[in-house]
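Open the model in your viewer and keep the selection tool ready. We will go stop by stop, and at each one you pick some residues and look at what is there.

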Amino acid sequence: MEQEKQKKSLRPEAVMAVIALVCLVGLIVVVALCVPHFTQASDPESLLQHIREEEQNREEVDPLEPTEEFAEETTEPTIPPEANPYSKWDFQYDRSNYLYCTRQDSFPGIDVSSFQGEIDWKQVKQSGIRFAMVRLGYRGYGMAGNMVEDEYARRNLEGARKAGLEVGAYFFSQATSIDEVDDEIFFFMKTLGDFPLTMPIVLDWEYISDTARTAYVDARTLTDMQKHFCKTMVDFGYQPMVYFNWSLSSKRLYLNELEDYPFWLALYQDEMVYPFRVEMWQYTCTGRVPGIQGDVDINVFMPDSRKTWIS
């Protein structure tokens, strides 16, 4: 009987200990889940690659029947930019399976980051690729918005140039204000240094998700950020370019205010049905190029001779 009483008297303490342990474990889990939200600086490339592949697998967009996703949602009235002068028949694949424009001079190129790993730039050049847009770094999409240099940026810049390619650059932005754009410029210029770019430089601002730090950046803010970036790059002696996909351009940009600068469109298909003129077209995110293991973005560059290009 005495032993049974002792067991019963110990039972509440044991229960409390178990409850405390469970609460501690729960707290650790909650902290582990919350910390990435505030400090996340993980490379967004892998997440975006999945989003881009899904977009590439969609049916081609009919310009006469825009989907709800591509519907105009900007609130300020705008004058449309210059209309797209090309038809779907103006683009063909060459012997290397790179898309080119038959109506004017055009050049195939790639954009790369650490996602591609080690690149044999000599093979890339020999395959017919003429230029490379190199990622300098990125800002994380968590609340902290930490900035990270692309670990392959410097070797890609030098490797592409030594192979004889024209070289441009981009920074993956998650800025929410002009001040943050300035922070990003200051950050990536340390990576770029005095490297001589012969292709444009780009603030690659992309929508990630409703939980990203940039989820509620509106069209007025983003347009002003891009205008500020482009003007700053011109002042620094670089040729800026504005990157977007169809959805971003209809929902979060006033393109008519950015027409002084060339446009770079991400549209993953081989028919040019976008309604406005662009100077560069990223037509696949799952391309294959000799010298690169795995997928890579491939572009066709169609410079507009009427615009002033900084040499």
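**Stop 1: the whole protein**

Show everything as a cartoon. Remember as you look that this is a predicted model. How many helices and strands are there in the protein? There are 7 helices and 11 strands. Now colour by burial, if your viewer can do that. The protein has 311 residues, and 48% of them count as buried. Next, think about contacts along the chain. Take the contacts between residues at least 6 apart in sequence: 68% of these join residues at least 24 apart.

**Stop 2: a salt bridge across the chain**

Side chains of opposite charge can pair when their charged atoms come close. The count for this model comes to 16 salt bridges.

Select Arg-277 and Glu-82, and show their side chains. They meet in a salt bridge, with 3.7 Å from N to O. Which parts of the chain does this pair tie together? Arg-277 lies in the loop between strand 9 (263–266) and strand 10 (280–287). Glu-82 lies in the loop between helix 2 (45–56) and strand 1 (91–93). The pair therefore ties together parts that are 195 residues apart in sequence.

Are the two partners buried or exposed? Arg-277 is buried, with a relative accessible area of 13%. Glu-82 is partly exposed, at 31%.

**Stop 3: a network around Arg-277**

Salt bridges that share partners join Glu-82, Arg-277, Glu-279 and Asp-304 into one network.

**Stop 4: another salt bridge**

Clear the selection and pick Arg-154 and Glu-149. How far apart are the closest N and O atoms of this salt bridge? They are 2.8 Å apart. Arg-154 is partly exposed, with a relative accessible area of 43%. Glu-149 is partly exposed too, at 29%.

**Stop 5: Ser-127**

Select Ser-127. Look for it in the loop between helix 3 (121–126) and strand 4 (131–139). Ser-127 is buried, with a relative accessible area of 11%. What does its side chain touch? The side chain of Ser-127 makes a polar contact with the side chain of Tyr-98, at 2.8 Å. Now widen the view. Setting aside neighbours within four places in sequence, Ser-127 is in contact with Ser-96, Tyr-98, Val-289 and Pro-290.

**Stop 6: the largest cavity**

The model has 3 cavities of 30 Å³ or more. The largest has a volume of about 60 Å³.

To find the largest cavity, select its lining: Glu-45, Arg-52, Asp-111, Tyr-170, Asp-204, Glu-206, Tyr-243, Trp-264, Gln-282 and Asp-297. What classes of residue are these? The lining has 3 nonpolar, 1 polar and 6 charged residues.

**Stop 7: the second largest cavity**

Move on to the second largest cavity, which holds about 50 Å³ of space. It is lined by 10 residues. Select the ones nearest its centre: Glu-45, Asp-111, Ser-113, Gln-116 and Asp-297.

Which elements give two or more residues to this lining? They are helix 2 and strand 3 (107–112). Helix 2 provides the largest share, 3 residues. By class, the lining of the second largest cavity divides into 3 nonpolar, 3 polar and 4 charged residues.

**Stop 8: two pairs to finish**

Select Ala-219, in helix 6 (residues 219–235). At 7% relative accessibility, Ala-219 counts as buried. Ala-219 and Ser-250 are 31 residues apart in sequence and 9.0 Å apart in space.

For the last pair, select Asp-179, in helix 5 (residues 178–192). Is Asp-179 buried or exposed? Asp-179 is exposed, with a relative accessible area of 55%. Asp-179 and His-228 are 49 residues apart along the chain, and 9.9 Å separates their C-alpha atoms.

How values were computed
Residues are numbered from 1 along each chain as its sequence is written. This is a predicted model: local features need pLDDT of at least 70, side-chain atom pairs count only at pLDDT 80 or more; totals for chains, interfaces and linings use all residues. Side-chain values use heavy atoms; hydrogens and water are left out. A salt bridge is a side-chain nitrogen of Lys or Arg within 4 Å of a carboxyl oxygen of Asp or Glu. Helices (H or I, at least four residues) and strands (E, at least two) are DSSP runs, numbered from the N terminus. Buried means under 20% relative accessible area, exposed over 50%, partly exposed in between (1.4 Å probe, protein chains only). A polar contact is a pair of N or O atoms within 3.5 Å; within protein, one must be able to donate a hydrogen and the other to accept it, and residues adjacent in sequence count only if both atoms are side-chain atoms. Contact means heavy atoms within 4.5 Å. On a 1 Å grid over the protein atoms alone, a cavity is a set of points where a 1.4 Å probe fits but cannot get out, and a pocket is an open set with protein on both sides within 12 Å along at least five of seven lines; lining residues have an atom within 4 Å of a point. Grid points are joined across faces, edges and corners, and a volume is the space filled by probe spheres set on the points. Ala, Val, Leu, Ile, Met, Phe, Trp, Tyr, Cys and Pro count as nonpolar, Asp, Glu, Lys and Arg as charged, and the others, Gly among them, as polar.
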